[in-house]
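This briefing concerns one protein model and is intended for use beside its sequence and coordinates.

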Amino acid sequence: MKTKRTMKTLSILFLCTQIFLCACGVQKAQKVTASDIPAENKLSADAEYVTYQYEDLKEAAVTIVKAEVLDELTLENSLSEYDEDYGMVVRFCAVRSLRALEVYKGDLSAGDEFQVQECCAIYEVDGEYYQDTLDDTPPLKQGGTYLLFLNGGDTMSGKPGIIGCENGVVDLEQPETTDKFFDVTVKSIVEYESDLPQEDKNMILQSEEVYQIESLEAEEQSEIAVDTGKGETVVSLGVKEEGDGKMGVSLKTQ
């Protein structure tokens with residue numbers, strides 16, 4: 001009887017150990033997202049990369065696609081490279097999943113699910129989690145709809161990357177928030193999303209410089225209904241034509 005009690009005790013201990021290990025495994029597998037990162041651990045690195053004006057961006061892009069983002073930025077879909085000599089992460093990116101809504105250039109078809117590399121990531125160093133990006137470029141929002149200009153995949157992850165970090169991305173749900181590459185935002189929406197008369201399109205697309213103005217400064221106003229795949233975003237576009245190939249434009253989401 002003593003042997004049987006000992007074996008029974010060992011069995012219970014073994015079972016408890018397995019439960020403990022499984023519980024630890026579940027905890028370790030928990031998804032780490034931006035909401036888990038404290039503000040002081042949200043970083044932005046300075047970067048130098050090639051950027052383009054609109055026509056050159058279209059030419060450089062292997063793929064131009066309107067797409068919905070299917071996932072969120074997590075530790076699991078992020079990649080990073082830690083350099084022991086420098087004692088820091090020296091390269092990072094994330095691989096995000098999307099669904100094509102419209103394809104304007106490239107081999108994708110509407111409805112295809114695909115992956116792209118973005119210049120944001122979540123990584124762990126010395127037991128702490130960090131979110132890092134280049135030049136304060138925000139990660140793609142889960143459920144958001146974007147117009148993307150992608151390269152051919154000569155990237156850290158091997159997936160097509162967004163050209164020039166934020167140079168090749170237009171947020172179609174909140175386009176007025178994009179001011180660093182305002183000309184790309186305006187011309188993309190006018191060319192791919194608007195039903196403006198071709199003469200009006202050409203006036204904007206052929207402008208050498210598109211700069212941002214307030215709505216009250218515009219001489220003409222038009223409304224553009226942008227199909228996001230979940231509904232429409234109505235964008236008010238105002239223009240003020242200048243000489244020397246310049247065009248003042250206002251964008252406001254209604």
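Predicted model: local features only at pLDDT ≥ 70, side-chain atom pairs only at ≥ 80, totals over all residues.

Residues are numbered from 1 along each chain as its sequence is written, and side-chain values use heavy atoms, with hydrogens and water left out.

**Nonpolar cores**
- A nonpolar core is a set of buried (under 20% relative accessible area, 1.4 Å probe, protein chains only) Ala, Val, Leu, Ile, Met, Phe, Trp, Tyr and Cys residues joined through side-chain atoms within 4.5 Å.
- The largest such core has 28 residues, and F149, V186, L237 and V249 have the most contacts inside it.
- Elements that each supply at least two residues of this core include helix 3 (182–193) and strand 13 (246–253); helices (H or I, at least four residues) and strands (E, at least two) are DSSP runs, numbered from the N terminus.
- Helix 3 gives the largest share of this core, six residues.
- A second, separate core of 13 residues includes V116, Y146, L148 and I162.

**Lysine 201**
- K201 lies in helix 4 (residues 198–205).
- K201 is buried yet has no salt bridge (a side-chain nitrogen of Lys or Arg within 4 Å of a carboxyl oxygen of Asp or Glu).
- The nearest side chain of opposite charge (Lys and Arg count as positive, Asp and Glu as negative; His and the chain ends are not counted) is that of E191, 7.5 Å away.

**Largest pocket**
- Its lining comprises 23 residues, of which Y49, Q117, L134, I162 and C165 lie nearest the centre.
- A pocket is an open set of points on a 1 Å grid over the protein atoms alone, where a 1.4 Å probe fits, with protein on both sides within 12 Å along at least five of seven lines; lining residues have an atom within 4 Å of a point.
- Strand 4 contributes the largest share of this lining, four residues.

Terms used: Buried < 20%, exposed > 50% of the residue type's maximum accessible area, 1.4 Å probe, protein only.
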